[in-house]
Structure formats: structure tokens, C-alpha cells
Amino acid sequence: MTVEEAVSVLKEAGFEVQVVEAENSDGLVASSSIIAGEECRYGSEITVYTGSVNTPPETEPSTTADTSQSETTENTTEPTSEAQ
């Protein structure tokens with residue numbers, strides 16, 4: 001659910017709403033100060049917490065070349081069969 005939808009629903013139900021946005025907010029509700037189905041007094045304040053977009057940290061490009069080489073060996077031995 002989007003934060004806007006949650007705020008609208010809660011305000012229409014008679015609650016005060018506080019929104020706490022995460023850094024890099026994705027605009028979706030991650031959690032709230034109440035549990036679904038929990039009874040609250042009319043006019044109570046409910047806090048809605050937004051989720052965040054996980055962005056990978058910026059990394060510096062490597063300035064050294066990878067000189068390691070993995071060697072592969074080919075098995076040239078043929079299987080032997082023993083005649084009985």
C-alpha cells in the first residue's frame with residue numbers, strides 16, 4: 001500500500017497520522033505503530049513508516065588488472081577396461 005493511500009484511509013477513519021520517511025523512501029508502507037486489527041481510540045495518532053529502496057553502495061572502479069589466471073588441465077588418459 002502506498003503511503004498516500006494509508007494516510008487517506010486512516011484519516012477517513014478518524015485518526016491522526018504521522019509519516020516517518022526512510023532515506024531513499026520507496027513511497028510504500030513498511031510498518032506502522034499499530035498492528036492490523038488492533039483496536040485504537042478515535043482520534044489516536046498512528047505513525048506510518050515508509051520503506052526504502054536498497055541501492056548498492058557506489059564503488060570505485062578497480063585500477064589494477066587481474067593478473068591471476070586459472071589453469072585448466074585436460075584429462076587425456078583413456079579409461080582402461082580389464083578383460084576377464
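This dialogue reads selected features of a predicted model.

Visitor: How much of the chain does the predictor place with confidence, and which elements have the lowest and highest mean pLDDT?

Guide: The model is predicted, and the mean pLDDT of the chain is 80, with 65% of its residues at 70 or more. Among the elements, strand 2 (residues 25-32) has the lowest mean pLDDT, 91, and strand 1 (residues 16-20) has the highest, 96.

Visitor: Which elements does the chain contain, and what pattern do they follow along the sequence?

Guide: The chain holds one helix and three strands. Read along the sequence, these elements give the pattern α-β-β-β.

Visitor: In what order do the three strands lie in the sheet?

Guide: The three strands make an open sheet in the order 1-3-2, and the pairing is mixed. Strand 1 and strand 2 are the edge strands, each pairing on one side only. Direction ignored, neighbouring strands of this sheet are turned by 35° against each other on average.

Visitor: Which strands run parallel, and which run antiparallel?

Guide: Strand 1 and strand 3 (residues 45-52) run parallel and are joined by five bridges. Strand 2 and strand 3 run antiparallel, and four bridges join them.

Visitor: Which residue of strand 3 stands opposite Val20, and which stands opposite Ser31?

Guide: Val20 stands opposite Tyr49 in strand 3. Ser31 also has Tyr49 of strand 3 opposite it. For Ser32, the bridge partner in strand 3 is Val48.

Visitor: Is Thr47 buried or exposed?

Guide: A residue counts as buried when its relative accessible area is under 20%. Thr47, which is found in strand 3, has a relative accessible area of 10% and is therefore buried. For the chain as a whole, 14% of the 84 residues count as buried.

Visitor: Which residues does Thr47 touch, leaving aside those up to four places away in sequence?

Guide: With those sequence neighbours left aside, Thr47 touches Gln18, Val20, Ser31, Ser32 and Ser33.

Visitor: Where is Cys40, and what is its relative accessibility?

Guide: Cys40 is placed in the loop between strand 2 and strand 3. Its relative accessibility is 29%, so Cys40 counts as partly exposed, a class that lies between the limits of 20% and 50%.

Visitor: Which residues does Cys40 touch, apart from those up to four places away in sequence?

Guide: Apart from those, Cys40 touches Phe15 and Ile34. Cys40 and Phe15 are 25 residues apart along the chain, and their C-alpha atoms are separated by 8.8 Å.

Visitor: What share of the contacts in the chain with a separation of 6 or more comes from residues 24 or more positions apart?

Guide: Residues 24 or more positions apart account for 65% of those contacts.

Visitor: What is the accessible surface of the chain, and what part belongs to carbon and sulfur atoms?

Guide: The accessible surface comes to about 7700 Å², and 46% of that surface belongs to carbon and sulfur atoms.

Note on methods. Residues numbered from 1 in each chain as written. Predicted model: local features only at pLDDT ≥ 70, side-chain atom pairs only at ≥ 80, totals over all residues. Heavy atoms only, no water. pLDDT = per-residue confidence, 0-100. Helix = DSSP H or I, 4+ residues; strand = E, 2+ residues; numbered from the N terminus. Pairing = 2+ DSSP bridges. Buried < 20%, exposed > 50% of the residue type's maximum accessible area, 1.4 Å probe, protein only. Contact = heavy atoms within 4.5 Å. Axes fitted to C-alpha atoms, helices over the stretch in contact; angles between N-to-C directions. Areas by Shrake-Rupley, 256 points an atom, 1.4 Å probe, with all protein chains shown as cover.
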